[in-house]
Amino acid sequence: MKFPLLAALLGLLAAFPAHAQTDTQTERVTAWKARLTGHITGSGLLPIEGRGQSGHAKVTFVIDRSGKLMSRALVASTGSQQLDAALLAIFDRAQPFPEPPSELKEDTFSFSVPIVIGGRHFNVPPYGLAASAPTPAFAVSDALDAWRKAVTEHVWRNRTFPPEAIGQKGDAGVTFVVNRSGKLISNALVESTGFPPLDAETLAMVERSVPFPKPPVEAEDDLQRVTILIAFDGTPLKGSSNGWSWAADEAKVKSKVNGVCRGC
């Protein structure tokens, strides 16, 4: 099964319910933020007037309980008035936004979001959406998002591509549980590549990553679950000097590390 690029932009996960009480409010806030991110990115295409340029920007926006856009403003410009205007137009066209969960009682909600622009497309970096003035539920959600990003990057640094899997490709998913000290409690495949060496490497990659970054103090649960999806590709790359795609930019592996969002 192929997972959309949007999963990579979200990377938002719930606490492990089998071992600890789930903070339902934080989970629903996290899921709502994921829906907001997906709603903003949409097709990922820039308005016509902004295409062909590149840059970075940050936008703040405010919505009400019905998802209506109340305001939006640049807090970091791309340096191009034309491109800045195209970015603001994205938010104008995106309304109405997904409505907040009933647990959140505020009348308006303010967010800041970094945006990366290149050519015809734009995207929001993983864990980019954050509340500008967080309530306790937002504070916990943002802290867990940042931790999960750190864990994902930590696992990524421990990846390898097994030599016996050259010529193979496939998607694998692994779920693992981490305690407050960063110790690995358990790990298990949730999706198989269909090729045992790649499945074994998926589990080994997690085991090599011990100890993990410690969960934030804001986390109410003692155990946290993380699910990562890996897309392995060891097939020949046309035009490569050594003939293998995994030996190019990523030094023996071409992978996509994605996050799964529960409730998105």
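## Overall layout

The protein has five helices and nine strands, where helices (H or I, at least four residues) and strands (E, at least two) are DSSP runs numbered from the N terminus. Along the sequence these elements follow the pattern α-α-β-β-α-β-β-β-α-β-β-α-β-β. This is a predicted model, in which local features need pLDDT of at least 70 and side-chain atom pairs count only at pLDDT 80 or more, while totals for chains, interfaces and linings use all residues. Residues are numbered from 1 along each chain as its sequence is written, and side-chain values use heavy atoms, with hydrogens and water left out.

Of the 264 residues of the protein, 50% count as buried, a term that means under 20% relative accessible area, with exposed over 50% and partly exposed in between (1.4 Å probe, protein chains only).

## Aromatic pairs

Rings of Phe, Tyr and Trp (its six-membered ring) pair if their centres lie within 6.5 Å, and planes under 30 degrees apart count as stacked, over 60 as edge-to-face and the rest as tilted. By this rule the count comes to seven aromatic pairs. The rings of W32 and F109 have centres 5.3 Å apart and planes at 75°, so this pair is edge-to-face. The pair links distant parts of the chain, with W32 in helix α2 (residues 24–41) and F109 in strand β3 (residues 108–119), 77 residues apart; both W32 and F109 are buried.

The rings of F176 and F212, by comparison, have centres 5.1 Å apart and planes at 20°, so this pair is stacked. It also links distant parts of the chain, since F176 lies in strand β6 (residues 169–179) and F212 in the loop between α5 (196–207) and β8 (223–233), 36 residues apart. Both F176 and F212 are buried.

## Nonpolar cores

A nonpolar core is a set of buried Ala, Val, Leu, Ile, Met, Phe, Trp, Tyr and Cys residues joined through side-chain atoms within 4.5 Å. Of the 28 residues in the largest nonpolar core, W32, F61, I63, F91, F97, F111 and F138 touch the most other members. The elements that give two or more residues to this core are α2, β1 (53–64), α3 (81–94) and β3, and the largest share, six residues, comes from α3.

A second, separate core of 18 residues includes W147, V178, F212 and V226. W32, F61, F91, F97, F109 and F111 form one aromatic cluster.
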